[in-house]
Amino acid sequence: MTQRVAVHTRLKAGREAEYDRVHAEIPAELAARLRAAGVVTWRIWRSGRDLFHTIEVEDYRAMRRALANDPVNLAWQARMSELLEVEDDYAGEDDGLPLVWSLP
């Protein structure tokens, strides 16, 4: 069974178009590392500078631990840190956003 996790991030002012361009095609090597770490799907929606991610993954915390020191992910995160207001260092044991409500 997979987990569905939601995450919120925020872009630096004026970096919206660049973020969209960078995400037009994710490097194949990064996609392979994400899949190897248990990611089934990862979708991102953008509203202005706010980014909303939904991730379906085998184990969210295990995925983050697996990618924390992965050189491909580290290179991608370095690129993202240029665009994001707060960079993600994969240090936390977070579980994403808490689910508040769901239509049964």
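Guide: A patch is made of residues with over 30% relative accessible area and no salt bridge, and nonpolar side chains are joined within 5 Å. The model in view is a predicted one. In this model, Val100, Trp101 and Leu103 make a nonpolar surface patch of about 450 Å².

Visitor: Why is Trp101 called exposed?

Guide: The relative accessible area of Trp101 is 64%. Exposed means over 50%, therefore Trp101, at 64%, is classed as exposed. Trp101 is located in the segment after helix 4, which spans 71-81.

Visitor: Why is Ala68 called buried?

Guide: Ala68 has a relative accessible area of 17%. Because buried means under 20%, the value of 17% places Ala68 in the buried class. Ala68 sits in the loop between helix 3 (60-67) and helix 4.

Visitor: Which residues is Ala68 in contact with, leaving aside its neighbours within four places in sequence?

Guide: With those neighbours left aside, Ala68 is in contact with Leu74 and Tyr90; the criterion is heavy atoms within 4.5 Å.

Visitor: What lies between strand 2 and strand 3 in the hairpin?

Guide: Two residues lie between them, and Gly48 in the turn has a positive phi of about 65°.

How values were computed. Residues are numbered from 1 along each chain as its sequence is written. This is a predicted model: local features need pLDDT of at least 70, side-chain atom pairs count only at pLDDT 80 or more; totals for chains, interfaces and linings use all residues. Side-chain values use heavy atoms; hydrogens and water are left out. Patches are made of residues with over 30% relative accessible area and no salt bridge: like charges are joined within 9 Å, nonpolar side chains (Val, Leu, Ile, Met, Phe, Trp, Tyr) within 5 Å. Accessible areas come from the Shrake-Rupley method with a 1.4 Å probe; for residues, only the protein chains shown count as cover. A salt bridge is a side-chain nitrogen of Lys or Arg within 4 Å of a carboxyl oxygen of Asp or Glu. Helices (H or I, at least four residues) and strands (E, at least two) are DSSP runs, numbered from the N terminus. Buried means under 20% relative accessible area, exposed over 50%, partly exposed in between (1.4 Å probe, protein chains only). Two strands pair if DSSP finds at least two bridges between them.
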